[in-house]
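Trainee: Could you show me how to read the pockets of a model, taking the general idea and then the particular case?

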Amino acid sequence: MVKNILILTLTGIIITGCENKKSIKTPPETSIQKNDFFPVTQYLQGQLREMDSLPITPLKITTLNGISDSVWLKKKDIRLFALPFLVPVIDSAQMHNYFSEKSFLDQTINAFTFSFDPLNQLPDSMEIKRWDIYIDPGNSKVKRIFIVKQLNKFKTPQIIQLIWKSGYYCQITTITEKNDTPPEIKQEKLIWNFND
């Protein structure tokens, strides 16, 4: 009789163990797909570091009201020139809540174009209004970056546009709106590779 009770008890433990094993549910594997934005600021900083390592003296050409002037820029002044487009940081962490990404292959310029436009009305503190990245479909390298910022310095609206051609030059165009006069357009181009 003791033997039968022992067998029944062992059988109950085994059955209970099996049932418990079945009732333990493993959580389903979930993967959240989140588009990561290209880290524009990090890329531009990389381009600046690359310029630091080159034996070059970049040429800055400034055009205002149709009159151009040029000067050789010291290396230490390159970052100061690019500063308006290093702040704020353009990456997923900073911009994902404000901008959406669209992409397409633009055969007219032979580039994959990634456009980033506002999801909704941007906060007043957000100076970045939009940006585009152009990728070479042949080698998947960045060909060009275009960024638009809007500033309201001293209640005089300014639109600042950056064109960064990877490995060659960058150009900043500042459009200043003034009351009852045509906008003032200032263009500054910094060239460090003249083989374009």
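Trainee: How do the residues of the lining of the second largest pocket divide into nonpolar, polar and charged?

Mentor: Ala, Val, Leu, Ile, Met, Phe, Trp, Tyr, Cys and Pro count as nonpolar, Asp, Glu, Lys and Arg as charged, and the others, Gly among them, as polar. Here the lining of the second largest pocket has 4 nonpolar, 1 polar and 4 charged residues. This is a predicted model, in which local features need pLDDT of at least 70 and side-chain atom pairs pLDDT 80 or more, while totals for chains, interfaces and linings use all residues. Residues are numbered from 1 along each chain as its sequence is written, and side-chain values use heavy atoms, without hydrogens or water.

Trainee: Which residues line the second largest pocket, and what is its volume?

Mentor: A pocket is an open set of points on a 1 Å grid, where a 1.4 Å probe fits, with protein on both sides within 12 Å along at least five of seven lines, and lining residues have an atom within 4 Å of a point. In this case the lining consists of Ile109, Ala111, Tyr134, Lys143, Arg144, Lys165, Ser166, Tyr168 and Asp196, and the volume, the space filled by probe spheres set on the points, is about 160 Å³.

Trainee: What is the volume of the largest pocket, and which residues are closest to its centre?

Mentor: The largest pocket holds about 300 Å³, and of its 15 lining residues Pro84, Ile160, Ile172, Thr174 and Glu188 are the closest to the centre. Its lining divides into 6 nonpolar, 3 polar and 6 charged residues.
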